[in-house]
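Biologist: Before we discuss this fold, I would like to have each term set against the criterion behind it. Could you show me the sequence and the structure, and then take my questions in turn?

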Amino acid sequence: MSLNALTPYLVGLLAVGVPLGLWLAGSTRAAAGGKESPVPVSAQWNALTPEQSRVIESCGTEPPFSGAYVNHHQDGTYTCARCGAPLFSSEAKFDSRSGWPSFDEALPGAVEELVDPDGHRVEIRCARCGGHLGHVFRGEGYTEEDTRHCVNSLSLGFSEAPLAEAYFAGGCFWGVEHYLQAVPGVKSVVSGYMGGDKPNPTYREVSTGRTGYAETVQVRYDPHQVQYRELAKLFFEIHDPTQRGRQGPDIGDQYRSAVFTVSEEQAAATSELITTLKRRGYDVATEVKPAGVFWPAEDYHQDYYQRTGKTPYCHARVERF
Ligand SMILES: [Zn+2]
């Protein structure tokens with residue numbers, strides 16, 4: 001977001017009495033003018049047993065071959081025992097004979113890595129809640145990925161239901177992520193980029209507005225708990241789908257309104273909602289395209305509002321249906 005792009009917005013802020021210095025002192029995407037009420041995310045987390053707490057909250061390790069998921073071979077998704085975020089697909093699980101569940105790949109953006117204080121081992125944590133999972137090892141040659149996420153069973157939950165995916169672009173991904181994350185049945189929302197061609201795009205590249213990429217969120221949800229149509233409806237209410245090449249204070253092609261669909265059903269449901277909006281007088285600018293490759297954004301973009309306890313500056317819900 002350039003200062004030029006911000007000017008009309010800043011003028012508006014000053015008009016409502018937000019001190020400019022205070023606002024600029026925060027992040028360039030601070031919750032300007034919003035109520036700074038911390039999101040009580042911990043209230044949504046599962047209660048932990050003392051054993052789980054020792055592992056997840058105090059970086060403990062369960063004894064080898066003791067966990068429920070060491071010899072577990074069902075199809076499904078392994079989730080964070082504390083916050084429920086999906087972490088590993090059963091397809092990534094392999095038998096390392098180490099005594100702990102082993103996965104050669106984490107779901108995109110699901111796990112963060114931190115080098116241990118000893119400088120050797122690399123700890124892995126749930127990217128959503130920061131709960132300790134275990135360690136990651138590379139170069140052991142177990143599988144083609146050459147990576148072993150060695151995870152405590154106590155840090156994991158398991159869901160048999162295959163999760164569905166949806167992709168929405170509606171301006172700054174922080175705000176879109178914030179609202180979709182709160183929907184019951186949504187298991188994870190990851191901020192990233194879709195719509196361009198260059199592999200591994202960076203935020204800086206996408207910010208030029210010339211890559212074809214749009215700031216996009218990936219939503220993983222349980223289709224038994226929430227339907228795609230409900231998510232798409234909410235998407236059309238938390239951003240202004242009539243804006244072209246921008247969203248609120250954010251100007252540029254990367255902030256355009258777009259829905260990237262993974263099935264005919266998603267495309268049909270989206271078109272139907274757009275038709276309804278047009279009938280109600282909205283000149284909808286949203287582009288609807290089949291989903292391409294999704295690139296998760298840099299770690300510091302994930303869960304921005306949850307981590308900072310701020311509220312979105314760029315998105316608010318407006319009922320349109
Ligand atoms: Zn978690």
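Biologist: Which elements do the buried residues of helix 6 pack against?

Modeller: This is a predicted model, and in it the buried residues of helix 6 pack against strand 10, helix 4, strand 12, strand 15 and helix 7. The residues concerned are Tyr 228, Leu 231, Ala 232, Leu 234, Phe 235, Phe 236 and Ile 238.

Biologist: What makes these residues of helix 6 buried?

Modeller: The term requires 20 or more other C-beta atoms within 10 Å of the residue's own, and Tyr 228, Leu 231, Ala 232, Leu 234, Phe 235, Phe 236 and Ile 238 are buried in that sense.

Biologist: What makes helix 4 oblique to helix 6?

Modeller: Helix 4 and helix 6 pack at an angle of about 135°, with their axes 10 Å apart. The roughly perpendicular class ends at 115 degrees and the roughly antiparallel class takes angles over 145, so the angle of about 135° makes helix 4 oblique to helix 6. Helix 4 passes helix 6 in a right-handed crossing. The contact is made by Val 176, Tyr 179 and Leu 180 of helix 4, together with Leu 231, Leu 234 and Ile 238 of helix 6.

Biologist: How do you know which classes of residue make up the contact of helix 4 with helix 6?

Modeller: Val, Tyr, Leu and Ile count as nonpolar, and the contact of helix 4 with helix 6 accordingly has six nonpolar, no polar and no charged residues.

Biologist: Why are strand 16 and strand 17 said to stand at the edges of the sheet?

Modeller: Six strands form an open sheet in the order 16-15-10-12-11-17, with mixed pairing. Strand 16 (287-290) and strand 17 (295-296) each have a single partner strand, so one side of each is left without a neighbour in the sheet.

Biologist: How do you know that strand 10 and strand 15 pair?

Modeller: Pairing requires at least two bridges, and four bridges join strand 10 (residues 164-170) to strand 15 (residues 257-261), which run antiparallel. Within this pair, Tyr 167 stands opposite Phe 260 in strand 15.

Biologist: Which helices lie across strand 10?

Modeller: Helix 4 (residues 173-181) lies across strand 10, strand 11 (186-194) and strand 12 (214-221), running at about 165° to strand 11. Helix 7 (residues 264-279) lies across strand 10, strand 15 and strand 16, and runs at about 150° to strand 15.

Biologist: What do the hairpins have in their turns?

Modeller: Strand 1 and strand 2 form a hairpin with five residues between them, and Gly 84 in the turn has a positive phi of about 85°. In the hairpin of strand 5 and strand 6, which has six residues between the strands, Gly 119 takes a positive phi near 80°. Strand 6 and strand 7 form a hairpin with five residues between them, where Gly 130 in the turn has a positive phi of about 80°.

Biologist: Why does Phe 65 count as exposed?

Modeller: A residue is exposed with 12 or fewer C-beta neighbours, and Phe 65 counts as exposed because it has 11 inside 10 Å. Phe 65 lies in the loop between helix 3 (50-56) and strand 1, and its phi is near 60°, a positive value in a residue other than glycine.

Biologist: What makes Arg 97 exposed?

Modeller: The cut-off is again 12 or fewer, and with 10 C-beta neighbours inside 10 Å, Arg 97 counts as exposed. Arg 97 is placed in the loop between strand 3 (93-94) and strand 4 (102-103), and has a positive phi of about 60° although it is not a glycine.

Terms used
Residues numbered from 1 in each chain as written. Predicted model: local features only at pLDDT ≥ 70, side-chain atom pairs only at ≥ 80, totals over all residues. Helix = DSSP H or I, 4+ residues; strand = E, 2+ residues; numbered from the N terminus. Contact = placed C-beta atoms within 7 Å. Axes fitted to C-alpha atoms, helices over the stretch in contact; angles between N-to-C directions. Parallel < 35°, antiparallel > 145°, perpendicular 65-115°, else oblique. Left-handed = near helix turned anticlockwise from the far one by under 90°.
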